[in-house]
Structures are given as C-alpha cells and as structure tokens.
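Hi everyone, thanks for making time this morning. I'd like to walk you through one model, so let me put it on the screen.

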Amino acid sequence: MTQYLIRRIFWAFFLFVVATMITYVIFFVVPADPATLAAGKATKPEIVAHIRRELHLNLPIYQQYWLFVWNLVRHGSFGYSFVNGLPVRTMLGQEIPVTASIVVGGVVMYLAIAIPTGVISALRPRSILDRSGMIFVLVGISAPSVWIGLILIYLVGFRLGWTPIGDYCNLKPTHAIGVCSGPGQWAYHLLLPWITLAVGSAALYTRLIRANVMETMSEDYVRTARAKGASPSRVLVQHVLRNSMLQVVTILGMDLGLLLGGVVFIEIVFGMPGLGAQLVQAAPRFDLPVIVGIVLFATLSVITFNFLVDVLYAWLDPRIRLA
Amino acid sequence: MALLEVQDLHTRFRTDDGVVKAVSGVSFELDRGKTLGVVGESGSGKSVTFLTVMGLVDRKIAEVEGSVRYDGEELLRASSSRLQKIRGRRIGMIFQDPMTSLNPVKKIGWQLEEAVRLHNDVSRDEARRRAIQALQEVEIPRAETRVDDYPHQFSGGMRQRVMIAMALINQPEVIIADEPTTALDVTTQAQILRLMKKLQDDHGAAIVMITHDLGVVAELADDVLVMYGGRVVEEAKVDDLFAAPQMPYTWGLLGSLPRLEQVATRLEQIPGQPPSLLHPPRGCAFNPRCAYVFDKCRAELPGLDPAPDKADHRYRCHLDDAERERIWAAKKAALTGVEGSAA
Amino acid sequence: MSELLVVEDLQKYFPVTRGLVFQKEIAQVKAVDGVSFTVEAGETLGVVGESGCGKSTMARCVARLLEPTGGKIIFDGRDITHLGRTQMRPIRRDMMMVFQDPYASLNARKRVGEIVAEPLDVHGIGTDKDRKRRVQELLEIVGLNPEHYNRFPHEFSGGQRQRIGIARALAINPKLIICDEPVSALDVSVQAQILNLLKDLQRDFDLTYIFIAHDLNVVRHVSDRVMVMYLGKPVETGSKQELYAEPKHPYSGALLSAVPIADPTLGRARKQIVLTGDVPSPINPPAACRFHPRCPRFVDGKCNVDEPELTPVAGSSDHSYACHFPLERWPMDEDEIRRRPSLAASVD
C-alpha cells in the first residue's frame, strides 16, 4: 500500500512538470508577441523592447521556464499578468472560488439526483420510473449545456423572474455597500448555473449508476448474500452499493478534476468571473503567466482528484490495497 | 413425511425472445440426512429448480407454479421475510464458483459473522467465535488469523471451504450444493467431497448435490434425479440407476463418459445438442437425439412412470419393457467389456 | 515409427517485477522447469496435471507462441527453439493448436468460412474458389453443415464451435495438433462427440496429438502415452496402460484415486488417497522434490534435500518416475501408502 501511494505521488509530480512544460513549449511555438500586445497599439519599438525585458521574454525558453519554476518554488509566485500586471496568484485567488462554487454545487446536485434515480431504476428495470428516468437521461445527454443555460435564463430568470440571471456573490458575508454576499445570496445566484451543470451530468451518472448496480446485482456473491437470508435492503447496502460505486468513483474523480479547470460555457453564459471565463480572455491576448497559472491549477486539480480516487479505490477494494 | 417435498414445479422466464420453460413439472422428495444427486447438462433446469425452491429466482421475470413444501410449510406462497428466515438458517446453499461467490471487498470473517447474526441474536464477539469455529470445522489452517483475510487471499479450494463453512454455520437441515467442485482440481475436489461427507455424518444434514458429473453422484448420492430439458427423466436409488438405467438419455450419458475402468475405445455419443427451452421439441424432449425414437415419442410426452418391479425407479420413456431390457443388456456389455463380469 | 517432436529440458520462466520507476526483477515464476519428452509420429501424448502445473505454458512453448527460456525443441528433425517469426512461418503449417474455450478463441466478427480459411490465407494457399471448396470440405469432415460457412460463431453451440476450431486446425494438413483442454468447457454428451471426432481424424489423416487436459479419464481415453506434470516438472511418464494400471509416483496415484468413479459399487470398493493442502505457488516452489510438502510418503532429510531424477521402471521401455519412494503396487489406500519402505533400503 505504501509503495502504491509512493508510486502515485511520483506520477503526480511527473505529470505536473510535463503539463507546465508543454504549456510553455506550445506558447513559444505559437507565433505571437505578447510584448507588442501588452504595449498596446502604435507604441515605439524601444517601449516594446523594454516590456520584453521586463517580462523576461528576451530570455531563451528554457531560462524562462526555469525562472517560472524558481519563482513558484521559492516565492510561491505564479508571476504577473502581461496584460494588467496583477499577480496571477491574486487573480486565481479570486477566480478559483467562483469556479469551485459552480462545480461543487453542481456535482452535489447531480449526485443527489443520479444516485437515487440510478439505484431505483436498477432495482426496478422497465418500471415506469426506470422508463421516465431513461427519457430524462436521453434529453439530458442530447441537450448541450449552453442551450440549457440559455433556456433557463430566459424562462426561469427572465420570464418568471424567480432567480437572478447572472453575477456571482461571495459566500463570505461582507458589509460593503452594493456588493451582494452571504450564503443565501451566494446559493440564490448560483442556482441556475448549478442546474445547468447538473442536468447533463445527472443524466450521464444515472445511466452509469444504473448499469453498475444492475451488473453488481447479478454477481454471484449477491446471490450468496441472498441465500444467507439477507433482506433486499441489506443486500443492497452491504453488498451491492460499495462494489457498484467503484467505477462511479473513478469517473467522478476525473470529472471533478476537469471541471475545476474551468466550466467555460457556464461561466460565460451566466457572467461568472471564474477560471474558464478568465482563460477565454487571456488566451487571445497571449497572457502567458495567466494561462500557465490556470493550466497549472487545472493540472493540479486533475492530479489531486485522480490521486484521491486511487486512494479511495484502494480503500474500497482490498484487492488493490493488499496486492 | 419428507423434509422437502416439491410437487409439479414450473419455472418460466419471460424474455424478449419468448417464454423460456426452464423447469416443467418437477417433483421429488428429500428426506432428512439423505443425499439427493441431481444430474444434467447445461440447460437441463437442475440449477433453476433449486433456485426456485429457495425463492432466489427473480419473480418479476419468472412465473412459478406448483408446490414446494419444506417441513410441511408451503414456500412458494411464503412471504419474503419468512423466506429470509429459512434461507441460510434451515437451508444452506453452496455455489459453483468459489472465486466469484464471496464478496471481494468484505473480510471472510465479516461474511461469516453476517450469516450468524442474520439468524441469531448474538454479540459480535460470539459471531466471530462461531465464524472461527466454522472455519476450523472445514479444516482451514490458522482459522483465528485467516478470519481477517479477504477472499482473494484464499485459493480456490480454500474459498470453497469458506463457502461450505458459511452454508453450515447455522447448522441447517438441508444443504443445496450447486456444482460445488466443478471449478476445482481433482485432488481439491476429492478433499471437498470427503469434507462434505464428513460434515454430513457429523451434523446429519440432507444434501442436494447438483452436478453434471455422474462420478460425483455415484460417490455421494443416495437417490438420483436425472434431468433433461427442464424435466426429471429418470429417478432412482443410486445403485439401481447405475446398475440398470432405463432411459436412453441416461444410457447416453453413461456411454459418453470416458472412465478409468472402461475398455471400450470409442465413446458412445449422443448426437445433436441439448434442446432449446424456448422452443422445446414436441413429445419427449429427448426424441430428436434418441436412437430408439418412434412416432409416439414425437407426439406424446411420456409420463414419469415406475419400473414394473421397482416402485422407486421411475423414468420417462415410451419404449416397452422387453425392448428396453434387451437394449440395455447389449449396451452394458459394450460399456464394460471384459469387466462386465465384475460389475 | 519416427520421432516427430523431441523436447529436451524445456524451461519457461516468467519474471515477477516490482519497482517504482524501473521495474526490477524480484523473482521468477518457473512455469515450466525442465520438461523432456518425445512424441512419435501418429501417436497421442496426453499431458495431465492440475492448474498451475505448467502444462498449458509448455504447450505454448512447443507451438512457439511463447519464447522458451531454455532447453531445446526439435520438430520434424529441425531445431525450432529460437527460430524467428519468418523462419517459423513454414513450420506453423505443420503444427496447429486447438484451444479450450471455443467461445473466446474464435473471432466473433468473422464468418465461419473466413475463420476456417484463415490458415490458408496466412500461408497463401489456393485461389478463393479453392479455399471455399476446401472450407466446405473441412466443415463436412468435422461434422458441420458445409452450407453454414457464411454464419457467425455466435450462431453455433459450444460443441459446434469447437468443431470449427478443429476444422481451422486441420485446414492445411498439419502433422501435429496441440489440443489444450479442448473439451473441458463442454457438456458430457458433447464432449464425447468431440473426443470421437479427434480420434477419427487421427486415424483418417495420420495426425499426431499432444493432448492436454486436467481430466484423467479423458486423457486416458485419447492417449497412447501419458505425462503427469506437477509444478512445472514431469513426475511420471509412461504408456497409458502402464501408467494407469501401475502408477509409481505418489502424486499420480493420488490423482488417479481422486477421480470420482461413475459406478457406486466400484466407487465404494476403491481405495482413495486424499492429498492435503493446495498446489504451492510456482514462485519459490518447494525445494528438491516439489511434491514433498503434500506427499504421504515424505521423508525428512531425503525428499526435501535430494531432487529425484526421472528413473525408468525396471523391465519397462518407457515408463519412468521421479520419486525416491515409488509405489510398490496399485491400488493402495492411505495407510498403505504411508508405510513406505525404510529409508536405509532405498538409499543405495
């Protein structure tokens, strides 16, 4: 088990280095001059040259990368935006909570829908609930989330006026005037983004959970448990759920990691200042430090969640833990 | 009164392709302390029969008819909570594949304790004590430490011992063993069969041994049911069945078995394939593969009738007795050859 | 008769690796560890043993589906032990395999005709028309309807699929067919059909078989000579008659007596030896005689120190065993088998 963990940590570190390197290389392969862009229109060549020096863009690529790693390790610094000169760390610090709020809330919501629906439709295949669940799944999978988001904004937010149609409010209450904040406002403003995120994924997870539960139900050891005289609910809780959640956990881990890198469409549709929205702004401006910062965070979250999945998996399945 | 009495049991599964008649009118009795061997090939209905008896077929897709009386109580109409009290307590079950029949994420001890605590109001410590004792009884070395291991840490033979320990832990009156040694090597099979005999002697449980292996039946059973196409086609005391089988399918089974004591160089083969349970043949289910088929066999299902001189040897066949006797005599000579005199 | 296949001291070790970055070999699974035998043209060599005895690995090495770690394989007078892919190609025409699982060994997306014609394609034999005729002929030979060459494997039952596998193996008139548990997945009545078919084909086409199975009855039925394997080594070889009538190795004896007899009278009368424990792991197998931890005749200081060599039985041409304390007679029961001759008598 210890060895398994060490190996995982090693791979996580390796992936981290590779991901940031690739970002740097891609950036330098793309023919663009951030210095010119940063300097704005019609500037003198000496100003551009100055900016270039300031941003260390005159150095060879490996030195720039080394500088980035050094600053990161030594000062915990991600550098400064080429565009507005703000520390990337500060920018990420503001954007991560937004994205995380959307993702965590959305994931909680879709799991809350998918787990019971998936399990119940697996236990009663072909029942009315299973069939209507399947229709919901079909709709959820076929509808793009942007479209769902827009429909929700129009119907719920605009026509019915039940919810705000955008803007992000801080979870932590502040008393600044004109700034909305506090858990109530936070959730109220995030309701539509959450639903938008949840619809598609809930459908997918319902299907996944249904399939996994049905498969586990047909396992020999489930029959053994029933032959022992265990009640259906006990069989489900003690023998089926844990085994059928193994695959779900894997996919959930991957999804969480990916989503935390930025839910681009939802952030843009609802005007949420998250990582995805920032990435969309930074990319065309070649704002390398910001892009690298976001890529770094996304990689880190994917790695972290994969790692957590592995640990969870080992905990769930003794065959891995004791191998 | 017999401990387990099954009368005219039918199990039909509704599938997308039609109704699968897995069990069609099976009747038998099982007495306390006896071993009933149930032989048949895949699709003969032997496993489904006993899953039905245990109430383990999914009633949402299966239609079940007939009567299953256990100690006088009708099980087919018993509530599910009543059945849960009987399963694992009064009837234990052992399945074919010990590799997949234990929950891979729970410790062996937990799984044994679960069996104890489902039926007895005892403390965890007491359940654990009984679990260890059960493992000792099935001769698992170092039971006190092995109880904390997971199934994948056991070999196939050891897992089957765990399954037996689990089936026996509440000292049931009946053990239904569905191909318990099929997945095991022969030396392990010999160990498991010997263990089952010993445990039967110690506890006096009745055993139902479901198998495709006539050798296993010959070793263990008192009475035998031969099943084919969802029906019992022959039933007899084990000695009678092997000394004088009466039904062409049983002859075929015996003839197609290569065996150590046999001298014939060519096996008798049953042509064709086992019947489809979706579209079973009219008349006798065996008629398309039978060498002695005549018109009546294709039109009419033969009844399970007793032999003229033995009321407890019954079989389904339209052949007349003289004819049957003549064919079997010839077959027996061919089968045993020079050793025919010894048998 | 001539020797078609000579195998000398065949070894196949699989590495067991562990490591964080660089995989380091920490142990070896000695799946096959010194197996020698010959197969005469036209005969059937049966190989029996329990799971983990290395019989299938041995077969795959002989067919050169696996690269042997050591030893020599001489097929039809030619050393094929380390031949490369292209050099093996012409030899593969003469050596075919039939596998256990008729479900897994046939490509589900190919029609039966294509499957059976595969060896013809691979070796570029005949025109399309010739091949179709040959496939139909082969289907007929193995007892399938030749008109079914356009069907898919899933439309056939287990026994019929095994027939398809046999037809494929026969397609280019091989000299040797290696059958790896060809009937263990089949029902008894179907198993008999396949065994009879294999025998008929041997007679009609002068085939030589290596027949691998865990079922002693089946092996006895098809074989001329039999080799019993235990943990990667042969423990006894001999003609079928001698080996089954008078086994010398206690493991062979235990195997024979473990087989259930389909006759209650004979069954009750027979003497049975039930071994204790399981087959040990082939990683770090027991020292000296590998059977010693389970052997009823085990002698401390001898069996766990000296490895017994394959020794010929006096007065027999090809019956040999690897045991310090061979069985004096057969059958024996468990008490008799424990009463081995004294150590002094056996050490010369």
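This is a predicted model: local features need pLDDT of at least 70, side-chain atom pairs count only at pLDDT 80 or more; totals for chains, interfaces and linings use all residues.

Let's begin with chain A. How many helices and strands does chain A have? There are 14 helices and 0 strands. Reading from the N terminus, the order of elements in chain A is simply α-α-α-α-α-α-α-α-α-α-α-α-α-α. If you take the principal axes, the C-alpha atoms of chain A fill a box of roughly 85 × 55 × 40 Å.

Now zoom in on one helix pair in that chain. Helix H9 of chain A covers residues 220-227, and helix H10 of chain A covers residues 232-260. Their axes are 10 Å apart, and the packing angle is about 170 degrees. Angles over 145 degrees count as roughly antiparallel, and therefore H9(A) and H10(A) are roughly antiparallel to each other. Which residues make the contact? From H9(A) we have A:Tyr221, A:Val222, A:Ala225 and A:Arg226, and from H10(A) we have A:Val235, A:His239, A:Val240 and A:Asn243. By class, the residues of this contact divide into 5 nonpolar, 2 polar and 1 charged.

Next, let's move over to chains B and C. Their contact takes 43 residues from chain B and 42 residues from chain C. About 3700 Å² is buried between the two chains, and carbon and sulfur atoms give 50% of that. On the chain C side, C:Val188, C:Pro260 and C:Ala262 supply 16% of the area that chain C buries against chain B, more than any other three residues.

What about the polar side of things? Between chain C and chain B the count is 18 residue pairs in polar contact, both partners at pLDDT 80 or more. There are also 3 salt bridges between these chains. One of the salt bridges joins the side chains of C:Glu334 and B:Arg194, at 2.9 Å from N to O.

Which helices of chain C each supply at least two residues to the side that touches chain B? Those are H6 (188-205), H7 (216-222), H9 (250-258) and H10 (264-269). H6(C) gives the most to that side, with 10 residues. Finally, the residues of chain C that touch chain B divide into 18 nonpolar, 13 polar and 11 charged.

Methods. Residues are numbered from 1 along each chain as its sequence is written. Chains are lettered from A and ligands numbered from 1 in the order in which they are written. Side-chain values use heavy atoms; hydrogens and water are left out. Contact means heavy atoms within 4.5 Å. Buried area is the accessible area (1.4 Å probe) that two parts lose on being put together, summed over both. A salt bridge is a side-chain nitrogen of Lys or Arg within 4 Å of a carboxyl oxygen of Asp or Glu. A polar contact is a pair of N or O atoms within 3.5 Å; within protein, one must be able to donate a hydrogen and the other to accept it, and residues adjacent in sequence count only if both atoms are side-chain atoms. Helices (H or I, at least four residues) and strands (E, at least two) are DSSP runs, numbered from the N terminus. Ala, Val, Leu, Ile, Met, Phe, Trp, Tyr, Cys and Pro count as nonpolar, Asp, Glu, Lys and Arg as charged, and the others, Gly among them, as polar. Axes are lines fitted to C-alpha atoms, for helices over the stretch in contact, and angles run from 0 to 180 degrees between N-to-C directions. Angles under 35 degrees count as roughly parallel, over 145 as roughly antiparallel, 65 to 115 as roughly perpendicular and the rest as oblique.
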